[in-house]
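User: I would like to go through this structure and ask what stands behind each label. Please set the values against the cut-offs.

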Amino acid sequence: NPTIGVLALQGDVREHLAALRSLGADPISVRRPGELAACDGLVIPGGESTTMIKLATIFDLLEPLREAVRGGLPAFGTCAGMIMLADRIEDGATGQETIGGLHITVRRNAFGRQVDSFEEDLHIEGLVDPVRAVFIRAPWVEAVDDDVEVLAQVEAGPAAGRIVAVRQGPLMATSFHPEVGSDDRVHGMFVDLVRSA
Ligand code: GLN
């Protein structure tokens, strides 16, 4: 079974561990470089990306995370985790660092105050039936480079067409929270990615 880490600095770690376990992976919490080194794949959960990046720096994990992703470690970022994996952030705030690796530009808190949290049935490339996607103060993907595959776009409302799930080689990211609820299919896509890496 692949060992899949969940970055456990901040955010909703437990739900990801449970989803990975139910899919037959061996999940571990990652707070130290040694734990990261033991991983065949890494989930970066939702939470608050500015806090998460600060904690990663304090825990001496930022450079090891960058090296691991650069070295081809499969990684899956959800919501704040998507921001952490993005090469570029576009939200007016200057100087927010990321792990990077994913050739996308994200906009933080993109859906605005009126609809800052909502749910939608979302069709995801590679899955037959739609996923009930939960968005919580979510980012969207503003722009992607040519090597990034778009897996899902918002289907209704004022944000229709906005990109909310992407893949680039062993990297995956979703704006929404696949760990909420009991549908493990999006985690399943990542476990498959880790297994085939
Ligand atoms: N708004 C948060 C951020 O910018 C992300 C929210 C989430 O992960 N649910 O980091």
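User: Which residues is Arg 137 in contact with, leaving aside its neighbours within four places in sequence?

Analyst: Arg 137 is in contact with Asn 109, Asp 116 and Ser 117. Two residues are in contact if their C-beta atoms, placed from the backbone, lie within 7 Å. This is a predicted model, in which local features need pLDDT of at least 70 and side-chain atom pairs count only at pLDDT 80 or more, while totals for chains, interfaces and linings use all residues. Residues are numbered from 1 along each chain as its sequence is written.

User: Why is Arg 137 called partly exposed?

Analyst: A residue is buried if 20 or more other C-beta atoms lie within 10 Å of its own, exposed if 12 or fewer, and partly exposed in between, with C-beta atoms placed from the backbone. Arg 137 has 16 such neighbours, so it counts as partly exposed.

User: What makes Arg 108 count as buried?

Analyst: Arg 108 has 22 C-beta neighbours inside 10 Å and therefore counts as buried. Outside four places in sequence, Arg 108 touches Ser 49, Ile 83, Ile 89, Asp 91 and Pro 139. Arg 108 lies in the loop between β6 (102–107) and β7 (117–122); strands are DSSP runs of E of at least two residues, numbered from the N terminus.

User: Is Ile 136 buried or exposed, or in between?

Analyst: Ile 136 has 18 other C-beta atoms within 10 Å, so it is partly exposed. Ile 136 belongs to strand β8 (residues 131–136), whereas Arg 137 is in the loop between β8 and β9 (140–144).

User: Which residues are around the ligand?

Analyst: They are Gly 46, Gly 47, Glu 48, Ser 49, Cys 79, Ala 80, Ile 83, Arg 108, Asn 109, Ile 136 and Arg 137. The test is a C-beta atom, placed from the backbone, within 6 Å of the molecule.

User: What does the UniProt annotation "binding site" cover?

Analyst: In the unreviewed UniProt entry it covers Gly 47, Glu 48, Ser 49, Arg 108, Ile 136 and Arg 137. These are spread over 91 residues of sequence yet cluster in space, with a largest C-alpha distance of 12.9 Å. UniProt positions are given in the numbering used here, feature names are shortened, and annotations may be inferred rather than shown by experiment.

User: How confident is the predictor, in terms of pLDDT?

Analyst: The protein averages a pLDDT of 95, and 97% of the residues score at least 70. pLDDT is the predictor's confidence in each residue, from 0 to 100. The model scores ipTM 0.95 and pTM 0.96.

Conventions. Helix = DSSP H or I, 4+ residues; strand = E, 2+ residues; numbered from the N terminus.
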